[in-house]
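I am keeping these notes while I look through one structure. The entries follow the order in which I looked things up.

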Amino acid sequence: MEYEKLSKVFYKKGNDFYKSELEKRKNSYGSYLTNLSIRGFKRGQIINENYSLFYVNTYRLMSLNNKVLINSSKISSLISKLPPFVIEPYFHKLIINEAQSNNEIEGIRSTKKELKEVLEDVMKSEKKQKRFKGLMKTYLFIDEIKPFTEVLDFRRLFDDLVSDEIDKEDKPDGELFRKGYVEITDGPHTTHIGVLSELKIIESLNALIKFLDDEQHSELYRYMVAHYYYEYIHPFYDGNGRTGRLLVCSYLSRYLERYSAITFSYAVNKNKTKYYKALEEIPSPLNKGETTFYLIDMLELLILGQENIIEDLEINLSKMERIKDSFKRDIWREKKEESDVLRIMTNLCVFVNEEANFPITELIRLTGKSRYKVNQILSNLETEGYVKLVSQRPKEYRVSEDFLESILVL
């Protein structure tokens, strides 16, 4: 029999079969019960019924779990083929895409140019206060966020990540979290009501910490269920979506690698309807807290993000081979220094941004050559039409479109 949502089973097979199926799902060998309890939710209101979250490790779920692990291994293998000077700039590109997606999910306006400037400030340890500085810093060091061991860790994530972006009236008004009522709407309808007191929030977050340490649950299932439960608790008036996604990303980055982790919001942003529907179905009275289908949806989103990275890497590595072949031509044999600098610039154009500007200071750092030598090389490359000067102060160059096209298109 096809494994279907309990709500469908109820309508298709009737109440008696539904009750039998529910018992089977909660007590079979492939069932996993959790210590996480939620209140039922129906027609915009909390109902007086509690459910313990559970899931069944179906064949579909196991297959997706394995696919995530295979993809993660493939991403690591592809990353290992990148030139060393490309790895961090490529990751920074993904950070900017992820942060932009995270903001779009929450309806927060930001531009990639703005996020790039903030990221550069973070990397330079600039003290300037700017929007999204906490967001970019958190993404940059995503694999260094330690596991959560106390409820204060959730408040620290909020403070580091989004506190500067939250309106004054939406700041936490309890000891650590909100103490008032909060609800989520999709316009005319209430889709969720957060846990109703700060005391209950703290109790629920303590249960979440305990669950995150429960090794009877597979890591990916554990982290995705934890993401749902954090959103269910809704410990803050605003910023729960962004902190909740960063929470799951921090655990994914340690278990998989930072590239898979960093693409989660991007995949969610491309499939917002699927994401929110998956969250909203769990507390339905007919679903009784089953998270099996939610887990399937979340792993599918994670795989979608991974596949985007794999495709991007494979295409760009193919372009890199063209670049490598191009610089083997006789014309470059007597221009080794020009070849070395232009090859670095060209690879970064391919992996990061075809319209990237390269400041002289950055090229000095990347090549290890003196300012005088880099200026001389860039002057020669400009004369021959391989690069063009786009700024005098600071002095910046860009690889010419004709040269890029001659390698990558023709």
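**Entry 1: pocket**

What volume does the largest pocket have? I find a volume of about 1,300 Å³. I looked this up in a predicted model, where local features need pLDDT of at least 70, side-chain atom pairs count only at pLDDT 80 or more, and totals for chains, interfaces and linings use all residues. Residues are numbered from 1 along each chain as its sequence is written, and side-chain values use heavy atoms, with hydrogens and water left out.

I noted the rule for a pocket: on a 1 Å grid over the protein atoms alone, it is an open set of points with protein on both sides within 12 Å along at least five of seven lines, while a cavity is a set of points where a 1.4 Å probe fits but cannot get out. Lining residues have an atom within 4 Å of a point. Grid points are joined across faces, edges and corners, and a volume is the space filled by probe spheres set on the points.

The largest pocket is lined by 29 residues, and Lys116, Glu120, Met123, Val352 and Asn357 are the closest to its centre. I then asked which elements give two or more residues to this lining. They are α4, α5, β5 (358–359) and α16 (360–367). Helix α5 supplies the largest share, eight residues. I read these names as DSSP runs numbered from the N terminus: helices are H or I with at least four residues, strands are E with at least two.

**Entry 2: cavities**

How many cavities of 30 Å³ or more are there? I count two. The largest cavity has a volume of about 90 Å³. Its lining consists of Lys5, Leu6, Ala278, Glu281, Ile282, Asn287, Glu290, Phe293 and Tyr294. Helices α13 (272–281) and α14 are the elements that give two or more residues to this lining.

**Entry 3: nonpolar cores**

I use "nonpolar core" for a set of buried Ala, Val, Leu, Ile, Met, Phe, Trp, Tyr and Cys residues joined through side-chain atoms within 4.5 Å. Buried means under 20% relative accessible area, exposed over 50%, and partly exposed in between (1.4 Å probe, protein chains only).

The largest core has 120 residues, and Tyr90 and Met224 have the most contacts inside it. Helix α14 (residues 292–326) gives the largest share of this core, 15 residues. Another core, of seven residues, lies apart from it and includes Leu6, Val9, Phe54 and Val56.

I also listed what methionine 224 touches, a contact being heavy atoms within 4.5 Å. Leaving out residues up to four places away in sequence, methionine 224 touches Val248, Leu252, Phe264, Tyr294, Leu295, Met298, Leu299 and Leu302.

**Entry 4: salt bridges**

Side chains of opposite charge can pair when their charged atoms come close. My rule for a salt bridge is a side-chain nitrogen of Lys or Arg within 4 Å of a carboxyl oxygen of Asp or Glu. The count comes to 28.

I looked at glutamate 106 and arginine 245, whose side chains form a salt bridge at 2.6 Å, N to O. Glutamate 106 sits in the loop between α4 (84–105) and α5 (112–123) and arginine 245 in helix α10 (residues 240–255), so this pair ties together parts 139 residues apart in sequence. Is arginine 245 buried or exposed? Arginine 245 is buried, at 1% relative accessibility, whereas glutamate 106 is partly exposed at 29%.

Next I noted arginine 131 and glutamate 114, with closest N and O atoms 3.1 Å apart. Arginine 131 is in the loop between α5 and α6 (133–140) and glutamate 114 is in helix α5, 17 residues apart.

Glutamate 203 is partly exposed at 42%, and lysine 200 is partly exposed at 46%.

I also found a network of salt bridges linking Glu21, Lys24, Arg25 and Glu290.

**Entry 5: a sheet**

Two strands pair if DSSP finds at least two bridges between them. I found an open sheet of three strands in the order β5-β7-β6, with antiparallel pairing. Strands β5 and β6 stand at the edges with a single partner strand each, so one side of each has no neighbour in the sheet.

Strand β6 (residues 387–391) pairs with β7 (residues 396–399) over four bridges, and the two form a hairpin with four residues between them. Valine 387 stands opposite valine 399 in β7. Two bridges join β5 to β7, and proline 359 has glutamate 396 in β7 as its bridge partner.
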